[in-house]
Amino acid sequence: MKKSILIVEDIHSIREAIMDLLSTKFNVFGAEHFEEAVWYLTNEKIDLTITDIRLPGKSGIDLVKLIQKEFPNVLYALMTAYNINEYIKFAKDLHIWNIIPKYSFLDIHLIEVMVEKLLSNNIFGIEKYFSSEFKVYSENINSEFEEAPTNGIIYKQIKSDQDRSILCGKISKNLIQLGAPKAIQQVLEELTSNAMIRAPRTHEGDYKYQFEIPSHDMVVPLDNIQLMPDDYFLIGYGATESTIFIVVRDQFGSLRKEEILHRLDRHISIDESTGFPKGLEDSHGRGLYICREISDQLIFNIEPGVCTETIAMINREGRTGFKSLSIYEVDPKSKSIS
């Protein structure tokens, strides 16, 4: 049976474009405003609602609040033509994990991918964002560095801090030659550091390769880390005609979606007493914020206790506009998106 989606958007052309895109796979309904959306939620079996934030009358955020209260089985996501950073606090407070910008055809495709991920358990894999010709090379994960493939991604396994340092240097040089900014090196360092140092936990939940100083919100990594086999992680890198990307995948799934929004909010929100971001002195979370600022899209796919996959995408032709908020988490008990 086809799933049903409700698109709430007051601009007719945008609403129709999204509905046309999704109608081949889903039952799609369209609403212009809050009241019409409520009618569909009440009279149709809706599985997912995608609403613009700014609507005539009550807003998309008001609609999400109503869905949470009156229709708890309906999934929801937001879209906006404005800066998504302005809504991170609302996202944190209301448990909104996906906000998509709507300023180009690319983002229409992002909406299509978002819908398919939200309505299934199949959230992992960067190939979902590209054409069927896109290739995944994972056969030689233990071999030496290879140049980024054209229209594909190649994966390598990291077993130690030395492996990480050498491979990150070679990958960043290769991707810079393909048009990535020099800051790609920092994205590589931050994402692989999280996978190597913060992700691995003991059965008791303690870090394996670092000391924690809770009073200062700091962690101190061990020197010359040699990972145990169960702690090895993968780094993927590659390019298409339009996009350069990095994927880091660990075997723990210890990153939490609430933590992501908490840290982003602290680095985006300004402390009125100082005029600086609230998280300026936080060591934890700064890396995720920096990676999101450097990347055009930063996507988190999480299955708690199993895997975290972080995808950083950079447009080869320069900035494309506002960044999405894209956090997907599988509920390991029900095996459905929470």
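# Chatting through the model

Biologist: Let's start with Met 196. Buried or exposed?
Modeller: Met 196 counts as buried, because its relative accessibility is 0% and the cut-off for buried is under 20%. Keep in mind that this is a predicted model.

Biologist: Okay, and where does Met 196 sit?
Modeller: Met 196 is part of helix H7, which covers residues 184–198.

Biologist: Which residues does Met 196 touch, if we skip those up to four places away in sequence?
Modeller: Skipping those, Met 196 touches Ser 160, Asp 161, Arg 164, Tyr 209, Ile 225, Leu 227 and Phe 233.

Biologist: What about Phe 90, how many Å separate its C-alpha atom from that of Met 196?
Modeller: Those two C-alpha atoms are separated by 31 Å. Along the chain, Met 196 and Phe 90 are 106 residues apart.

Biologist: New topic. What does UniProt say about Asp 52?
Modeller: An unreviewed UniProt entry annotates Asp 52 as "modified residue: 4-aspartylphosphate".

Biologist: In the model, is Asp 52 buried or exposed?
Modeller: Asp 52 is buried, because its relative accessible area is 5%, while the limit for buried is under 20%. Asp 52 is found in strand S3.

Biologist: Which residues are around Asp 52?
Modeller: Not counting residues up to four places away in sequence, Asp 52 touches Val 8, Glu 9, Asp 10, Gly 60, Met 79, Thr 80 and Lys 102.

Biologist: And Thr 51, where is that?
Modeller: Thr 51 is in strand S3 as well, which runs over residues 48–52. Thr 51 is buried, with 1% relative accessible area. Leaving aside neighbours within four places in sequence, its contacts are Val 8, Gly 60, Leu 63, Val 64, Ala 77, Leu 78 and Met 79.

Biologist: Which residues line the largest cavity?
Modeller: The lining is made of Ile 100, Leu 110, Tyr 129, Gln 297, Ile 299, Ser 324, Ser 326 and Tyr 328. Strands S14 (297–303) and S16 (325–331) each supply at least two of the lining residues.

Biologist: How many of the lining residues are nonpolar, polar or charged?
Modeller: The lining of the largest cavity has 5 nonpolar residues, 3 polar and no charged.

Biologist: What's up with phi of His 95?
Modeller: Phi of His 95 is near 60°, a positive value in a residue other than glycine. His 95 is in the loop between helix H4 (88–94) and strand S5 (98–101). At 41% relative accessibility, His 95 counts as partly exposed.

Biologist: And phi of Asn 151? What's the value?
Modeller: Phi of Asn 151 is near 60°, again a positive value in a residue other than glycine. Asn 151 lies in the loop between strand S6 (135–137) and strand S7 (152–158). Asn 151 is partly exposed, at 25% relative accessibility.

Biologist: Next, Ile 176. Where is that?
Modeller: Ile 176 belongs to helix H6, residues 161–177. At 31% relative accessibility, Ile 176 counts as partly exposed. Setting aside residues up to four places away in sequence, Ile 176 touches Pro 181, Lys 182 and Ile 184.

Biologist: How many Å lie between Ile 176 and Ile 244, C-alpha to C-alpha?
Modeller: They are 9.5 Å apart in space, and 68 residues apart in sequence.

Biologist: Last one: is Glu 309 buried or exposed?
Modeller: Glu 309 counts as buried, at 0% relative accessibility. Glu 309 is in strand S15, residues 307–315. Beyond residues up to four places away in sequence, Glu 309 touches several residues, including Tyr 155, Arg 249, Ile 299 and Phe 300. Ile 299 is also one of the residues lining the largest cavity.

Technical notes: Residues are numbered from 1 along each chain as its sequence is written. This is a predicted model: local features need pLDDT of at least 70, side-chain atom pairs count only at pLDDT 80 or more; totals for chains, interfaces and linings use all residues. Side-chain values use heavy atoms; hydrogens and water are left out. Helices (H or I, at least four residues) and strands (E, at least two) are DSSP runs, numbered from the N terminus. Buried means under 20% relative accessible area, exposed over 50%, partly exposed in between (1.4 Å probe, protein chains only). Contact means heavy atoms within 4.5 Å. UniProt positions are given in the numbering used here, feature names are shortened, and annotations may be inferred rather than shown by experiment. On a 1 Å grid over the protein atoms alone, a cavity is a set of points where a 1.4 Å probe fits but cannot get out, and a pocket is an open set with protein on both sides within 12 Å along at least five of seven lines; lining residues have an atom within 4 Å of a point. Ala, Val, Leu, Ile, Met, Phe, Trp, Tyr, Cys and Pro count as nonpolar, Asp, Glu, Lys and Arg as charged, and the others, Gly among them, as polar.
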